[in-house]
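Please read the following report alongside the sequence and the coordinates. It moves from the whole chain to a few selected sites.

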Amino acid sequence: MKKFGNTYRFLPYIPEHKRKNEWIDDVTHLVNTYNKDNITRTNAYQTFFHLHPEVKWSFLASMVSRNAGWNMTDLKGDTFPKILCDDTCNLLFRTYERANWSIFQDAFPQLLLYHYSTIYKKKMFHLSEDFHVSKFMEEEWNRFWEEGDEKRLVQSLIINEQHLIQGPVIEQDPYKGKVFSTALFFMEDHLHFSSVLFPTLQGELYGASVHGFRKVENRIKLGNLLFEILFHPDYHCDFLEFAERVEHTGSRSDYETFCQYVHGTDTPNLQQAYNVISHDWKERDDWSMNTEIKDDWYNHQSLPSDIILTDWFVNKQRQLRNLAAVKGAFKWIWPWGKEKKRRA
């Protein structure tokens with residue numbers, strides 16, 4: 001695992017009595033530095049978890065971020081380019097990238113406010129508004145500081161992040177019209193391709209899938225289930241060992257090399273496949289001002305019997321290779337992936 005070196009290098013000391021605007025600028029600089037691409041995000045989440053293991057969401061975020069990287073490089077691998085045209089692959093990449101950039105841009109300032117609160121030994125969450133953090137999360141961080149309920153904090157951050165991307169990504173063009181409302185996404189959803197995998201050095205893959213990805217409640221339920229899997233006492237040490245020993249490159253070879261029966265997907269490293277792209281916020285509305293917080297978003301998620309997905313993954317890869325081989329037969333249902341006719 002690539003690390004940022006010592007704590008000071010990763011999160012340098014910012015004097016408590018610095019001018020407010022300068023203090024905010026310093027924190028913003030750290031956020032922007034680590035929100036460069038999927039690799040820096042993943043490493044930042046995981047390094048933060050090593051500093052503050054009580055903030056379990058940061059490890060969950062790092063493992064989900066690994067999956068985002070693998071999904072991105074799939075689009076440059078040996079299968080998806082045979083199924084989808086370049087424009088489609090590029091838009092799917094930008095969809096993954098936008099969603100994950102947005103979550104980090106919102107969540108990492110929260111983590112930093114907590115970090116510097118522990119350094120100064122007093123709460124700094126009153127500055128949440130300066131980073132456009134929802135009132136919901138400001139209240140939840142204050143509650144965590146007083147009560148120390150680690151599970152509730154994870155669930156609150158899951159609720160927040162999924163509402164955060166609902167408007168700017170899921171329901172906004174071009175993503176809504178060209179990704180989440182297309183035959184491509186419908187097929188991916190119903191073939192269980194919307195999934196998150198947690199690998200181990202023993203070659204087993206654990207995880208869960210979600211149906212109806214466009215519904216925020218379904219993504220919250222998935223997030224809670226993934227948390228239960230990731231921190232289950234029977235499995236957590238294996239996941240942590242993998243994360244600490246295997247550097248995240250964005251390529252599925254990160255874990256496929258440990259899976260004896262997995263046919264390698266031959267995907268490149270992420271930083272070789274993609275250039276860094278820039279983002280900005282057009283609107284930053286506080287979703288929690290007009291949303292009722294439902295009690296069942298905090299319900300306990302019991303583990304289903306089918307959390308080992310190794311065989312499922314092997315079958316999924318076989319399906320994709322078969323689909324690539326017969327791409328022409330699917331053009332009637334997959335018009336968005338048609339290649340433009342070449343001139344003779």
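This is a predicted model: local features need pLDDT of at least 70, side-chain atom pairs count only at pLDDT 80 or more; totals for chains, interfaces and linings use all residues.

Residues are numbered from 1 along each chain as its sequence is written, and side-chain values use heavy atoms, with hydrogens and water left out.

The protein has 15 helices and 2 strands, taken as DSSP runs numbered from the N terminus (helices H or I, at least four residues; strands E, at least two). Of its 344 residues, 54% count as buried, a term that means under 20% relative accessible area, with exposed over 50% and partly exposed in between (1.4 Å probe, protein chains only). Among contacts with a separation of 6 or more, 73% come from residues 24 or more positions apart, where contact means heavy atoms within 4.5 Å.

The structure holds 30 aromatic pairs, counted when ring centres of Phe, Tyr or Trp (its six-membered ring) lie within 6.5 Å, with planes under 30 degrees apart called stacked, over 60 edge-to-face and the rest tilted. One of them joins Phe 10 and Phe 108 edge-to-face, at 6.5 Å centre to centre and 65° between the planes. This pair links distant parts of the chain, since Phe 10 belongs to helix α1 (residues 7-10) and Phe 108 to helix α6 (residues 86-120), 98 residues apart.

Two arginines lie over the ring of Trp 281, as tabulated here; the criterion is NZ of Lys or CZ of Arg within 6 Å of the ring centre and within 35 degrees of the ring normal.

| Charged residue | Ring | Distance to ring centre |
|---|---|---|
| Arg 98 | Trp 281 | 5.5 Å |
| Arg 284 | Trp 281 | 4.1 Å |

Helix α11 (residues 216-230) is mostly covered, with 12 of its 15 residues buried; among them are Arg 219, Glu 228 and Ile 229.

Ile 307 lies in the loop between α14 (270-273) and α15 (310-325), and it counts as buried because its relative accessibility is 5%. Leaving aside neighbours within four places in sequence, Ile 307 is in contact with Leu 205, Tyr 206, Gly 207, Ile 229 and Tyr 235. Of these, Leu 205 is 102 residues away in sequence from Ile 307 and 8.4 Å away in space, C-alpha to C-alpha.
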